[in-house]
Amino acid sequence: MSGPGNRAQWASNLGFLLAAAGSAVGLGNIWKFPGKAYEGGGGAFILIYIAIIALVGATVMLAEFIIGRATQKNAVGAFCQLRPAWKWVGGMGIFTGFIILCYYSHVGGWVLYYLCGYLTDAAAISADPTAYFYRMLGVGSGFPWGGAGLFPLLFAALTVFVVVKGVAGGIERLNKVAMPLLFLLLILLMVRAVTLPGAMDGLRYMLQPDFSLLTWNDVLVALGQAFFSLSLGMGIMCTYGSYLSRKENLGRNVGIICTLDTLVAVLAGFTVIPAVFATLSASGVGKGAGFVFTAMPGVFQAMPGGVFWAILFYLLLFFAALTSSISLLEGTVAYLTEQRGFSRKHASLALGVILFGIGLIYTLSQGHADIHGIWLDKNGISYPIFGDMLEFLTDRLLLPLGGLLFCIFAGWVWGTKNGIAEVRQGGRFRFPLAGLWSLLVRFVAPAAIACILIAGIVFG
Ligand code: TRP
């Protein structure tokens, strides 16, 4: 550890890259992206998404890395050092991250539940995937000890464990194993999916850009998705960047991380959609949590050796979710240890307990008849009002707002001259896109983000 004042640092640039990619590649890539790309017209949506990542996503990511590494501090500490009046922006980011973590880690618990389900009694899932999903959530039965208790608790405990072990000794070590495995699993699954008879229709749909299916709303969806997928807008990338040594090239790292994250999302789209087309027909494509937990089991059931592929798939989701959820926890832990004097262990454990508790309400509100009886629809399934509220607050409002403020700060308040100097490190690195970045961070990205924010508020 050679950071100033013994601050934690990544052991290597590769470790940093994998950890940042691990944060970015998550449930967002594997369940959110394929469904959204399908709805947005496949190829056309993918093209727009890539353009947004290149223009807006990479711009904001670089701004976060710059602020983090320039100060070598957590999101609040960084603003405190540069412009104390802005420290609430860091605070807001940390709050947002923690709220996301509360539900994210519970969904991670559901993934573990399915992983164990396939390992022990696959027939129970295949018999009726939808019923299985709601049984996990306790709809119509008693308190769901597995789906709301044991497995989310296990997932939260794993997240806490890795963060307690520290930046290089925990987060970096896990990512160095989990990320290569994740890529391997994804490639295996994709080869399996596209070689299923009938998969070509799905693949064609994903590859042929049909711009007539694309609406403005899809463009906004793509923008919001890009933010979520790259883990932007709440100072997580700022914190991860703060553990990076000044001997590393920020610009190149941003390029690699954005490429990896996008590649995983697109490959997941090329895996899930053809598999669904081949086995369930195009109408089987849905979105959201239910998609991964109710539609995919149908796909595996229709495939030869489905249980094996199901285990690989949920293992892939598990790694993706875990590496993202530790990044969400680390953002808050870094704040509590550096600004508030907590020990890493105490901060992680205390947060683990709180997040499990809040997440519990999320899982139960997905479908627990006893608790949310008043919200039952006519099929007896309760509306996930609490979850929708959290997601609206974070995805639609706080994340874009955070990103917007990061851009304004890097582009106008602290200034792009300082930012560019941080990348160049006195001439150690070339930054040929400096002029373009200035333009994007000052004008293009804030304007684009303001659009998602306003549309989010107006259209809900
Ligand atoms: N990027 C992750 C995903 O795609 C989720 C995530 C992790 C995240 N850290 C974040 C989202 C920070 C927003 C901000 O699933």
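In the predicted model, helix H3 comprises 29 residues, namely residues 43-71, and spans 41 Å between its first and last C-alpha atoms. This reach is close to the 42 Å expected at 1.5 Å a residue. H3 is mostly covered, with 23 of its 29 residues classed as buried, that is, under 20% relative accessible area. Glutamine 72 follows H3 and adopts a positive phi, near 55°.

The accessible surface of the protein chain is about 17,200 Å², of which 68% is supplied by carbon and sulfur atoms.

The overall dimensions were examined next. Along the principal axes, the C-alpha atoms of the protein chain occupy a box of roughly 60 × 50 × 40 Å. The radius of gyration of the chain is 21 Å; a compact globule of 460 residues would have a value near 23 Å, and the chain therefore agrees with that expectation. The contact pattern was considered in terms of sequence separation. Where contacting residues of the protein chain lie at least 6 apart in sequence, 81% of the contacts join residues at least 24 apart, a contact being defined by heavy atoms within 4.5 Å.

Definitions and conventions: Residues are numbered from 1 along each chain as its sequence is written. This is a predicted model: local features need pLDDT of at least 70, side-chain atom pairs count only at pLDDT 80 or more; totals for chains, interfaces and linings use all residues. Side-chain values use heavy atoms; hydrogens and water are left out. Helices (H or I, at least four residues) and strands (E, at least two) are DSSP runs, numbered from the N terminus. The expected span of a helix is 1.5 Å times one less than its number of residues. Buried means under 20% relative accessible area, exposed over 50%, partly exposed in between (1.4 Å probe, protein chains only). The radius of gyration is taken over C-alpha atoms; the globule rule is 2.2 Å times the number of residues to the power 0.38. Accessible areas come from the Shrake-Rupley method with a 1.4 Å probe; for residues, only the protein chains shown count as cover.
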